[in-house]
Every structure is written in structure tokens, then in C-alpha cells.
Amino acid sequence: GLALSRYLDGIRPLIREGGRMFVGCFSDANPDPWSNPRRISEAMLLELFSERQGWRVVELKEVWYERPRDRVVSRTGGAWTMAWWCVAEAM
């Protein structure tokens, strides 16, 4: 989480109070083996976007992400992955 925390520390001064950050990310609920980008837990998102960090979580929900059809290897359709959708507001 240190790299993500540093990233948000750099972003926060660029967003005025009341401005929103929209984040879609892979959930840590996805099972191993996992070869995609980083998985993030609900607890990590709540910590990264906490009031202590200058944010307020407006929305946080579990969603499904579908791989774009043109990147699918199989003929059966897209691959579905558990994900998070988070909307945070700068304080």
C-alpha cells in the first residue's frame, strides 16, 4: 500500500475540496493463481481514502469487470473478474 499511498499523496493537492476521484480496481476476493494487476481489499481502499488522508468515501461497492471481447483468448466470451468501484471526495 505504500506506493498507492504515495500516489494519492501526490494527487490530493491537485483536486480541490469537493472534487471527486473515481477508482475501479481488482478485488482481493479473486482467487489465486492471479496474474493480473494488483488486487486491493475493501479495508485498503477505506484506509487510502480515509478522512485522515484528506478524503471521504462517497461510494464503495463490489462490481464485476469484463475483459474487452477483443482481448479474450477463448471463444466462449469475456472473462469476468471481481472488482471494486470507489468514489472518493476530497475534503
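Predicted model: local features only at pLDDT ≥ 70, side-chain atom pairs only at ≥ 80, totals over all residues.
Helix α1 spans residues 2–11, and its buried residues are Leu4, Leu8 and Ile11. Viewed down the helix axis, these buried residues fall within an arc of 55 degrees, so they line one face of α1. An α-helix has 3.6 residues a turn, so residues three or four places apart point the same way. The other side of α1 carries exposed residues, namely Leu2, Ala3 and Arg6. The buried residues of α1 are covered by elements including β1 (20–27), β2 (39–40) and α2 (42–48).

Strand β1, one of the elements that cover α1, pairs with two strands, β4 and β2. With β4 (residues 80–90), β1 runs antiparallel, and the two are joined by 7 bridges. With β2, by contrast, β1 runs parallel, through 2 bridges. Phenylalanine 26 takes part in both pairings: this residue stands opposite alanine 83 in β4, and its bridge partner in β2 is arginine 39.

The model contains 3 aromatic pairs. One of them is formed by phenylalanine 49 and tryptophan 55, whose arrangement is edge-to-face, with 5.4 Å centre to centre and 85 degrees between the planes. The pair counts as edge-to-face because the angle between its planes is over 60 degrees. Both phenylalanine 49 and tryptophan 55 are buried.

Definitions and conventions:
Residues numbered from 1 in each chain as written. Heavy atoms only, no water. Buried < 20%, exposed > 50% of the residue type's maximum accessible area, 1.4 Å probe, protein only. Helix = DSSP H or I, 4+ residues; strand = E, 2+ residues; numbered from the N terminus. Arc of directions from axis to C-beta. Contact = heavy atoms within 4.5 Å. Phe/Tyr/Trp six-rings, centres within 6.5 Å; stacked < 30°, edge-to-face > 60°. Pairing = 2+ DSSP bridges.
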